[in-house]
Structure formats: C-alpha cells, structure tokens
Amino acid sequence: MVKKIVLNSPKEATGKPIASQLIRDYDLQLNILKAFVDYDVNGTLLFEVSGSEDNIEKGIAFIKKSGVDVKEVVSVIDDDGELTISTL
C-alpha cells in the first residue's frame, strides 16, 4: 500500500529521528516529495509512505504521539513546481 501524508512538525518535535524510526520499527519505505522549513525550525514535509496498511497506520499513530500533526493527502497538483495539496 502507498499513502501520501503531510507532516507539520512544531519546533518542539524537531530533532527527533522520526523518519528512521518509521523505517526501522514499522518496516516502511519513505520518499520525501517536498519539504519546507521556516526560520523557527517548524517544518512541513510531504511524504510518500509504502508498506502494509497495518504498519502505515501504526506508523502514523507513532508520529502523532511524537507531537507531529499528520494529515492524509487526497490529491497533489504540481503547477510548474508549485504544489497544491488537498488533505482529509
């Protein structure tokens, strides 16, 4: 199964090895499609996540417990490098 998710990480959650834990602990493959980080070290990441449905759901629950907001992506429109992302 493949899902696209958007992670909105507050300053307090940065520096945590969330991506490596998703790969190691939940047997997920991650593809970072886009990343935005502002001067306050808040971040927004667009991930494509591959793995079993059960592991993806467990991984999303882990991310939320880490203090990071997670939204599932419904559609992504690429207009010459400008992404428009629709989430649930």
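By class, 10 nonpolar, five polar and one charged residues make up the lining of the largest pocket. The model is predicted.

Reader: Which strand gives the largest share of the lining of the largest pocket?
Author: The lining has 16 residues. The largest share is three residues, and they come from β3.

Reader: How much space lies in the largest pocket?
Author: Ser-9, Ala-13, Thr-14, Lys-16 and Leu-45 are the lining residues nearest its centre. The space in this pocket is about 240 Å³.

Reader: At what angle do the axes of helix α1 and helix α2 cross?
Author: Helix α1 covers residues 18–26 and helix α2 residues 53–65. Their crossing is right-handed. The axes come within 10 Å and cross at roughly 145°.

Reader: Which residues of α2 meet α1?
Author: From α1, the partners are Ile-18, Gln-21, Leu-22 and Tyr-26. By class, the contact has five nonpolar, three polar and one charged residues. On the α2 side stand Asn-55, Lys-58, Gly-59, Phe-62 and Ile-63.

Reader: Why is Leu-30 classed as partly exposed?
Author: Leu-30 lies in strand β2 (residues 29–37). Buried means under 20% relative accessible area, and exposed means over 50%. Leu-30 falls in between, because its relative accessible area is 22%.

Reader: What separation do the C-alpha atoms of Leu-30 and Val-49 have?
Author: Leu-30 touches Val-49, and its other contacts include Ala-19, Leu-22 and Phe-47. Leu-30 and Val-49 are 19 residues apart along the chain. Their C-alpha atoms are separated by 4.9 Å.

Terms used. Residues numbered from 1 in each chain as written. Predicted model: local features only at pLDDT ≥ 70, side-chain atom pairs only at ≥ 80, totals over all residues. Heavy atoms only, no water. Helix = DSSP H or I, 4+ residues; strand = E, 2+ residues; numbered from the N terminus. Buried < 20%, exposed > 50% of the residue type's maximum accessible area, 1.4 Å probe, protein only. Contact = heavy atoms within 4.5 Å. Axes fitted to C-alpha atoms, helices over the stretch in contact; angles between N-to-C directions. Left-handed = near helix turned anticlockwise from the far one by under 90°. Nonpolar A, V, L, I, M, F, W, Y, C, P; charged D, E, K, R; others polar. 1 Å grid on protein atoms, 1.4 Å probe; cavity = no way out; pocket = protein on both sides within 12 Å on 5 of 7 lines; lining within 4 Å. Points joined across faces, edges and corners; volume = space filled by probe spheres on them. Lists of a residue's contacts leave out its neighbours within four places in sequence.
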